[in-house]
Amino acid sequence: MLKLSHIKSVAASVGFDLCGVVRCQNFDSDRLFLEHWLSEGYGDGLTYLERNIDKRADATKLVEGAKSVIVCAVSYKNRYSCGYPPESKNKIASYALTTDYHINIKRMLQNLCAELKQSTPTLSGRCFTDSAPIFEKRYAVEAGLGWIGRQSLLVTPQFGSFVLLGVAVVTEECDSYDAPYSGIGCAECRRCIDACPNGAIHNRHIDTRRCISRATVEKQPEHSTPLHGWIFGCDECQSCCPYNIKAPLATNPLFAPTIDPTSIDWQKMSEAEFKLHFATSPLSRTTVERIKQNID
Ligand code: SF4
Ligand code: SF4
């Protein structure tokens, strides 16, 4: 049996800012919503979203015998998160200016589970950070971390939406569980909807066919999308959010920027140099050729 208070103190000690624990549960309404969203074409050919939908809704299909889901979040807000100066070109989403979060968060989750195993040797399970089909944001809401904002991201009262999530799906029960988030959420605010330069935001879901982040980070779309100076990702619907504006800068040094996006001469960079410089960066998902196309 895990102890909720122990999980939270270990999560903080390995570098997470927030942690909640919730029972494994079946999110059937989210599954139905995702199926409807895909059927409307909003997925824009991102076929990975169409696979394993039943696993997304039910974590016991990912981890046999799963009982609890530990949801952790870490802030990554940095000096670029709340917007570039108006004349800026070649903008990069602020999460992509640090070491790839998959690397850092996976290590933090492994450290968390290793520590929990010390007191609960029977613990088993799997850790994910954007690496498996699971409704991470829904679990985060159920674990009390925050709510789903109108831009479809998790928003936390303390750190806004500039948080990265990691989850551990484990086979142990916990002595108690967190309650779902019950604060005011977005209330009457609609700033993110108004800020999206391509009108991609519907209330709590995105039309990815219009989204700059999808167009610059995911596989090349067949249609063109106006990029408004962004060459990898886009923070427009986050930098305007009042919760993000008042959030503190990240304190975990693993999420400090390692790139100054304003000082890179992309046109002079070869593919080999790009691979060398950005091997452990989220930018490794793209190529310098594609970045040059985005600049053009
Ligand atoms: S990432 Fe940019 S383009 Fe996509 S929904 Fe947000 S503001 Fe709109
Ligand atoms: S900008 Fe406003 S509407 Fe959008 S997520 Fe933030 S609080 Fe919610």
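Is leucine 112 buried or exposed, and how many C-beta neighbours does leucine 112 have inside 10 Å? In this predicted model, leucine 112 has 24 C-beta neighbours inside 10 Å and therefore counts as buried, since the threshold for that class is 20 or more. The following paragraphs begin with the chain as a whole and then return to this residue.

The chain contains 296 residues, and its radius of gyration is 19 Å; a compact globule with that number of residues would have a value near 19 Å, so the two agree. Along the principal axes, the C-alpha trace spans about 55 × 40 × 35 Å. The secondary structure consists of 11 helices and 10 strands. Of the 296 residues, 42% are buried. Among contacts between residues at least 6 apart in sequence, 77% join residues at least 24 apart.

Once neighbours within four places in sequence are left aside, leucine 112 is in contact with Val10, Ala11, Val14 and Ala168. The C-alpha atom of leucine 112 is also 9.6 Å from that of phenylalanine 16, although the two residues are 96 apart along the chain.

Two packed helices are described by the angle between their axes and the distance between the axes. For helix H1 (residues 4-13) and H4, the angle is about 140° and the axes are 9 Å apart. Their crossing is right-handed.

Asparagine 52 is found in the loop between helix H2 (28-39) and H3. Its phi is near 55°, a positive value in a residue other than glycine. With 14 other C-beta atoms within 10 Å, asparagine 52 is partly exposed. Aspartate 58 has its place in the loop that runs between helix H3 (53-57) and strand S2 (68-75). Because aspartate 58 has 18 C-beta neighbours inside 10 Å, it counts as partly exposed. Asparagine 90 lies in the loop between S2 and strand S3 (91-92). Asparagine 90 also has a positive phi, about 55°, although it is not a glycine. With 17 C-beta neighbours inside 10 Å, asparagine 90 counts as partly exposed.

The model also includes ligands, each with a shell of residues. Around ligand 1 are Gln151, Cys196, Asn198, Ala200, Ile201, Ile206, Cys211, Ile212, Ser213, Cys234, Glu236 and Cys237. Helix H7 (212-217) and helix H8 (236-239) each supply at least two residues of this shell. Its composition by class is 8 nonpolar, 3 polar and 1 charged residues. Ligand 2 is surrounded by 13 residues, of which the closest are Gly149, Cys186, Cys189, Cys192 and Cys241. Helix H6 (191-195) and helix H9 (242-246) each supply at least two residues of the shell around ligand 2. That shell has 8 nonpolar, 2 polar and 3 charged residues.

Methods:
Residues numbered from 1 in each chain as written. Chains lettered and ligands numbered in written order. Predicted model: local features only at pLDDT ≥ 70, side-chain atom pairs only at ≥ 80, totals over all residues. Near = placed C-beta within 6 Å. Helix = DSSP H or I, 4+ residues; strand = E, 2+ residues; numbered from the N terminus. Nonpolar A, V, L, I, M, F, W, Y, C, P; charged D, E, K, R; others polar. Rg over C-alpha atoms; globule rule 2.2 N^0.38 Å. Buried ≥ 20, exposed ≤ 12 C-beta atoms within 10 Å, placed from the backbone. Contact = placed C-beta atoms within 7 Å. Axes fitted to C-alpha atoms, helices over the stretch in contact; angles between N-to-C directions. Left-handed = near helix turned anticlockwise from the far one by under 90°.
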